[in-house]
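Subject: Structure handover

Hi,

Here is the structure for you to look through. My notes follow below it.

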Amino acid sequence: MAEHVETFRAEKIDAAVLPTLSDDDLRELGLPLGDRKKLRAAIEALGGWPPAASTALSESLAGARPRAVAEQRHLTVMFCDIVDSTPLAATLDLETLQSLIDTYQQQVADCVARYDGFVAKFMGDGVLAYFGYPQAHEDDAERAVRAALDIVAAMPTLRHVDGLELACRIGIASGVVVVGDSITVGAAGEKSVLGETPNLAARLQETAPRNGVIVAASTRTLVANLFDLKTIDPLTLKGVGSGIMAWQVIAARDDASRFRATRDPSSAEFIGRDAELALVLDRWSVAAAGEGQLFLLSGEPGLGKSRLCETMLAQIATETHAEIRLQCSPYHVNSPLYPVLRHLERAAGLVHDDTPAIRRGDFARLFASDEEAERAILLLGPALGLLDAVPADAAPSGSKTEVLVLLQRLLIAPAAEHPLCILVEDAHWIDPTTQELLSLLIERLGNQRVLLLITHRPEFTPPWRSPIHHTRLAMNRLSTRACTSLIGDLARGKRLPEEVVRQIVAKSDGVPLFVEELTKSVLESGLLTEEHDSWGLDEPLPLLAIPSSLHDSFMARLDRMASVKEVAQVR
Ligand SMILES: Nc1ncnc2c1ncn2[C@@H]1O[C@H](COP(=O)(O)OP(=O)(O)O)[C@@H](O)[C@H]1O
Ligand SMILES: [Mg+2]
């Protein structure tokens, strides 16, 4: 396999492009059938990605470019600095000031580490952090913004005895960054040393209000609707330009569904999943008639699990029924009952800034009797902020079993009135307590009018066994026909040149998310001219690049492969 490394290098096929190569591409590069098959097998054995990437090859390429040497990565960069430390310096002695700044930097580093980011550099009082390096995740931009909000939230704890309070400003931008041990940084914010993206983050930081977070357009696109953002006036930034758009982050949104929060409303019609949709709808009708159903839907990210569930719910919208959504979160895999507590907050309409007394009143309305409500407030009060003060040494007011039984009854209660669909999204991020709660719920499902629909990625093995009706569906990739029709729909019904369609189909490998992103990036690239009923291609189509919103997940995949390699070497 090693003999192909030179070919890949000559064709400028790096780790980012590698997983996108189709079988045709590999044939064009002169790989014989045997080697193409081996590549497929290697990838599929690793949990599968477009069956074109090669562990062996990516390892060789990674070996040719060790991590210690500068490397180009698509990252989200955060720059955090202290607001005007001069008055502090005038009031405090040097030692006290230094210890305050040390504590601040430690706190920033802790928040960055919480989201698996990387502190690249301390620059004066400032901190430059990367999200996406050395470990990439699918959601690095979101991680950066969450870390920034945590830093801001922690600032009030950095108060000096004199009442002086430290404040910070944060700027965030996403883009390609040269990383590795070659970063040498001079004066903060110098473009030549920092590179474009970190420089933009540093400049945005300067424009932020006290304890404010500003994001660049590149980051805003990646976090879509996960946060409440406020548009600010276009900026003129030194070394960057004028008319720069930027947004201030107000707060994280707690939407009931990540799918709806990140979904682009301009996306295409639902295509090519008729059989899957029919199956879920069939199980719904069985459940609605009183035979509880468990439905486990698995598939790789981007295959369309959430879209299928949303389409199914839209189809039954005209039937009288109840819906409960439990959205698991990648940031709360160890936070007991996280998705359930968020559901209860939404169901009770709890308002963040309300007093515990008002929150108690709202919460109590979820219960039929005062007695039940009182007990629930005692049990869940600390987790939901319903109590005025909790003495630090207070004994737990109930056993875990009692809490789980209460929640199980609460979840299933609407089924007494109407058929109920409980949608648990992204169970690969479920916390152990919610997992237990679902087990309890499943035991009681038998004669309830409930469809418990759970989505998860293939690497998660659902622990639930159902004594009753139980369906598993592993989603497949979309057929070429369905992909082609999806592309047509995204092209607003206008015909695309055959070559463009062929490349998108090949590169996206049946994953609708990739079809969507590649089509959008081709349409926005300016390579095509929109005509009356078609799109014209004026010059030869270059090899399609991976759009930035996908870059993260490709890199995540490659990093996972790299760690498999390390394990293999130890053996
Ligand atoms: N059958 C389909 N028809 C059209 N678009 C689809 C289809 N399935 C998925 N998509 C689109 O692909 C993207 C990824 O789908 P999503 O449901 O979020 O995947 P998953 O939940 O499996 O990660 C979404 O933008 C979605 O609208
Ligand atoms: Mg989803």
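From which domains does the shell around ligand 1 draw at least three residues each? They are domain 3 (273–474) and domain 4 (480–540). The domain bounds come from an automatic or database domain assignment.

First, the ground rules. This is a predicted model, where local features need pLDDT of at least 70, side-chain atom pairs count only at pLDDT 80 or more, and totals for chains, interfaces and linings use all residues. Residues are numbered from 1 along each chain as its sequence is written, chains are lettered from A and ligands numbered from 1 in the order in which they are written, and side-chain values use heavy atoms, without hydrogens and water.

**The ligand**

18 residues surround ligand 1, each with a heavy atom within 4 Å of it. Among the closest are Gly 302, Lys 305 and Glu 516. Helix 13 (305–315) and helix 21 (512–524) each supply at least two residues of this shell. Helices here are DSSP runs (H or I, at least four residues), and strands are runs of E, at least two.

Now the polar contacts (pairs of N or O atoms within 3.5 Å). A side-chain N or O atom of Glu 516 is 2.6 Å from an oxygen atom of ligand 1. A polar backbone atom of Gly 304 is 3.0 Å from an oxygen atom of ligand 1.

**Phe 460**

Phe 460 sits in the loop between strand 13 (450–456) and strand 14 (469–474). Is Phe 460 buried or exposed? Phe 460 is buried, because its relative accessible area is 14% and buried means under 20% (1.4 Å probe, protein chains only).

Best wishes

Key:
Buried < 20%, exposed > 50% of the residue type's maximum accessible area, 1.4 Å probe, protein only. Polar contact = N/O pair within 3.5 Å; in protein donor to acceptor, adjacent residues only side chain to side chain.
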